[in-house]
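User: I have a new model open and would like to get my bearings. Can we go through it piece by piece?
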Amino acid sequence: MRFKVSIIGRPNVGKSTLFNRLAGRKLALVDDTPGVTRDRRVHPAKLFDLRFDVIDTAGLEDAAASSLEGRMRAQTETAIDEADLVLFLIDARTGLMPDDRTFAEVVRRTGKPVVLVANKAETRGAQGGMLEGWELGLGEPIPISAEHGEGMPDLREAIIEALGEERTLGDDEDEPAAIASTGVLIGEDIEDPDDETVPEYDATKPLRIAVVGRPNAGKSTLINTLLGEERLLTGPEAGITRDSISVDWDWRGRRIKLFDTAGMRRKARVQEKLEKLSVADGLRAIRFAEVVVIVFDATIPFEKQDLQIADLIIREGRAPVLAFNKWDLIENRQELLAELREKTERLLPQVRGLQAVTVSAETGRGLDKLMEAIEKTHRVWNSRVSTGKLNRWLEGVLTHHPPPAVAGRRLKIKYITQAKTRPPGFVLSCSRPDAMPQSYIRYLVNGLRETFEMPGVPIRMALRAPDNPFANKAKKRR
């Protein structure tokens, strides 16, 4: 079984940089600004032959429990409790600070094995700051450079010494290739268009869900309520979440990976470098996800930014589900519900039949319905129709509503086939694809959606001209 290592220290000593180094990927946001990390993040890590789970934490600060910093500290203390080993980071450039001494005492009281790590030891004059680390009484400081990867062999030896060879070098199952390389399971979504067999939906496969929305819509609270614990930092302040945090969960026997993301404001308002990094991290989470839950604030729904986020997800080909949060604050519920349904159909016509659920992340109301809507949408997103059924449907469509003539010439459609799923993608073989009116393509897509029950997901339609059987003969004559 893997052991867990928690990285702690005061703000801006390089915890997230070391986390990224051990995880082998740039997962955590890194910036010169203190206090970038706020939630704890867990990821499989590798240090030469050692395999373990590493936990990134917020910088320890002495603050009131009710403040944002105090809630961040509570998250860090939880990470210490979960860990088998603590890596206590200090900054070798600046030497010891009063907070280092205070929090060293906190760590010592936990009784957990501790390795003292002096980061940024590659800089000139770092030797003095590293030697100061002896004063903390946590053993010999291990000089490293998390940014440049220096000192990692010494860190490996210190971890083995702290936990023992039996615990650190024991046999461990290899991670699946997809998890080891990307941190999530990536499914294959290109299938054989000539295959007439339609595979059944596999309800046992892991499901990846990203939760997105404007700042302060209640995304982190929603995930905490689903998990049944205060896993993510929440509060009345807007923009608390910065990193995209992934959390593993089990719902009705099915493995779920939930991605919490930073709130997305209008592009014109995003000026700071850190917020740009947060938004970019959120976009990456959307691309990794299969289903994306767009959290709306029911008290001010359908702001322009909400629609832009929904449009982005649809263009990315993800399966969208709407969650109208803070429903416990609404008084005229029936009237607003009818209004929301009308606006959903009118403002998001590109995904007719979109699943929309009213929820209260604070009270837990509607969360079971939300998860059922997510699974239903995921089934549609993975759906496949045989080529035979598609062409029988197409024959009826062409009989009742053939494509219009363009420049006096009739457009001919030969056949249709489904080339992929996730989202459903179709190939239409026709004469003069560039002349086919967009209105007729939309007509076909809406017909597919209605006939084969594909509501609420993007549908792709690619047009191509049939192969010319005489093309090769003409080349040979030349």
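User: How many salt bridges does a search of the whole structure find?
Analyst: The search finds 19 salt bridges, a salt bridge being a side-chain nitrogen of Lys or Arg within 4 Å of a carboxyl oxygen of Asp or Glu. This is a predicted model, in which local features need pLDDT of at least 70 and side-chain atom pairs count only at pLDDT 80 or more, while totals for chains, interfaces and linings use all residues. Residues are numbered from 1 along each chain as its sequence is written, and side-chain values use heavy atoms, with hydrogens and water left out.

User: Which residue does Glu290 meet in a salt bridge?
Analyst: Glu290 meets Arg422, with N to O at 3.1 Å. Glu290 lies in the loop between helix H9 (273–288) and strand E10 (291–297), and Arg422 in the loop between strand E15 (413–420) and strand E16 (425–430), so the pair ties together parts that are 132 residues apart in sequence. Helices (H or I, at least four residues) and strands (E, at least two) are DSSP runs, numbered from the N terminus.

User: Is Glu290 buried or exposed?
Analyst: Glu290 counts as buried because its relative accessibility is 4%. Buried means under 20% relative accessible area, exposed over 50%, and partly exposed in between (1.4 Å probe, protein chains only). Arg422 is buried as well, at 9%.

User: And where do Glu342 and Arg346 lie?
Analyst: Both are in helix H11 (residues 333–347), four residues apart, which is about one turn of the helix. Glu342 is partly exposed at 39%, and Arg346 is partly exposed at 48%.

User: Which residues are linked with Asp49 in a network of salt bridges?
Analyst: Arg156 and Glu157 are linked with Asp49. Arg156 is buried at 16%, whereas Glu157 is partly exposed at 43%.

User: Changing topic. How many residues are in the largest nonpolar core?
Analyst: There are 51 residues in it, and those with the most contacts inside it are Leu370, Ile374, Ile416 and Met461. A nonpolar core is a set of buried Ala, Val, Leu, Ile, Met, Phe, Trp, Tyr and Cys residues joined through side-chain atoms within 4.5 Å. Helix H12 (residues 367–381) gives the largest share of this core, seven residues. A second, separate core has 28 residues, including Phe3, Leu22, Leu50 and Ile142.

User: What is Leu370 in contact with?
Analyst: Leaving aside neighbours within four places in sequence, Leu370 is in contact (heavy atoms within 4.5 Å) with Leu222, Val293, Val321, Ala323, Val357 and Val359.

User: Now the sheets. What is the strand order in the one that holds E10?
Analyst: The order is E8-E9-E7-E10-E11-E12, an open sheet of six strands with mixed pairing. Two strands pair if DSSP finds at least two bridges between them. The edge strands are E8 (245–251) and E12 (356–358), each pairing on one side only. Strand E7 (residues 207–213) runs parallel to E10, joined by five bridges; in E10, Val292 is the bridge partner of Ala210.

User: What lies across E7, E8, E9 and E10?
Analyst: Helix H8 (residues 219–227) lies across them, running at about 155° to E9 (254–260). Axes are lines fitted to C-alpha atoms, for helices over the stretch in contact, and angles run from 0 to 180 degrees between N-to-C directions.

User: Last one: is Asp100 buried or exposed?
Analyst: Asp100 counts as buried, at 1% relative accessibility. Asp100 is in helix H3 (residues 98–110), and a polar atom of its side chain lies 2.9 Å from the backbone nitrogen of Met97. A polar contact is a pair of N or O atoms within 3.5 Å; within protein, one must be able to donate a hydrogen and the other to accept it, and residues adjacent in sequence count only if both atoms are side-chain atoms.
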